[in-house]
Amino acid sequence: MSVTSWFLVSSTGIRHRLPREMIFVGRDDCELMLQSRSVDKQHAVINYDKEKDEHWVKDLGSLNGTFVNDVRIPDQKYITLKLNDVIRFGYDILLV
């Protein structure tokens, strides 16, 4: 198992450690809460594959979308995250 820690880094420099488990991203009742009107209550999910030591992101059908490197990802489809990917939930930008 990898000892690498993964973080999401906000545009203001705030670091959010990504746990090695599934987390929900949204405005309300989520493990990672973003206070933005462009983010749905449950906007996306980030999951971890321990066998591959990878994090994946999936949009949950949000109104304003989830973007990886400025490309909107399809609803309900996991996308593998790589180091230095830029993730945007609605209009909130985070860096992996």
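**View 1. Strands E1 and E2 pair as an antiparallel hairpin in this predicted model.** Strand E1 (residues 6-10) and strand E2 (residues 15-18) are joined in the antiparallel sense by four bridges; strands (E, at least two residues) and helices (H or I, at least four) are DSSP runs numbered from the N terminus, and two strands pair if DSSP finds at least two bridges between them. Opposite Phe 7 stands Arg 17 of E2. Four residues separate E1 and E2 in the hairpin, and Gly 13 in the turn has a positive phi of about 95°. Four of the five residues of E1 are buried, where buried means under 20% relative accessible area, exposed over 50%, and partly exposed in between (1.4 Å probe, protein chains only). The model is predicted, with local features needing pLDDT of at least 70 and side-chain atom pairs counting only at pLDDT 80 or more, while totals for chains, interfaces and linings use all residues. Residues are numbered from 1 along each chain as its sequence is written, and side-chain values use heavy atoms, with hydrogens and water left out.

**View 2. Five strands make up an open, mixed sheet.** The strand order is E4-E3-E5-E6-E9. Strand E4 (32-33) and strand E9 (79-80) are at the edges with a single partner strand each, so one side of each has no neighbour in the sheet. E3 and E5 run antiparallel and are joined by three bridges. Val 25 has Ala 44 in E5 as its bridge partner.

**View 3. The largest nonpolar core contains 16 residues.** Such a core is a set of buried Ala, Val, Leu, Ile, Met, Phe, Trp, Tyr and Cys residues joined through side-chain atoms within 4.5 Å. Val 25, Ile 46, Val 57 and Phe 89 have the most contacts inside this core. Two or more residues come from each of E1, strand E3 (23-26), strand E5 (44-49) and strand E10 (86-89).

**View 4. Ser 62 is a buried residue in the loop between E6 and E7.** Ser 62 counts as buried because its relative accessibility is 4%. Its side chain makes a polar contact of 2.6 Å with the side chain of Asp 59; a polar contact is a pair of N or O atoms within 3.5 Å, where within protein one must be able to donate a hydrogen and the other to accept it, and residues adjacent in sequence count only if both atoms are side-chain atoms. The Ser 62 side chain also reaches the backbone nitrogen of Gly 65 at 3.0 Å. Apart from residues up to four places away in sequence, Ser 62 touches Asp 40, His 43 and Arg 72, contact meaning heavy atoms within 4.5 Å.

**View 5. Gly 61 lies in the loop between strand E6 (54-59) and strand E7 (66-68).** Gly 61 counts as partly exposed because its relative accessibility is 39%. Leaving aside neighbours within four places in sequence, Gly 61 is in contact with Asp 40, Asp 75 and Gln 76. Gly 61 and Asp 49 are 12 residues apart in sequence, with 22 Å between their C-alpha atoms.

**View 6. Asn 69 and Gln 76 have positive phi angles.** Asn 69, in the loop between E7 and strand E8 (71-72), has a phi of about 55° although it is not a glycine. Its relative accessible area is 38%, so Asn 69 is partly exposed. Gln 76 is in the loop between E8 and E9; this residue is not a glycine either, and its phi is about 60°. Gln 76 is partly exposed at 49% relative accessibility.
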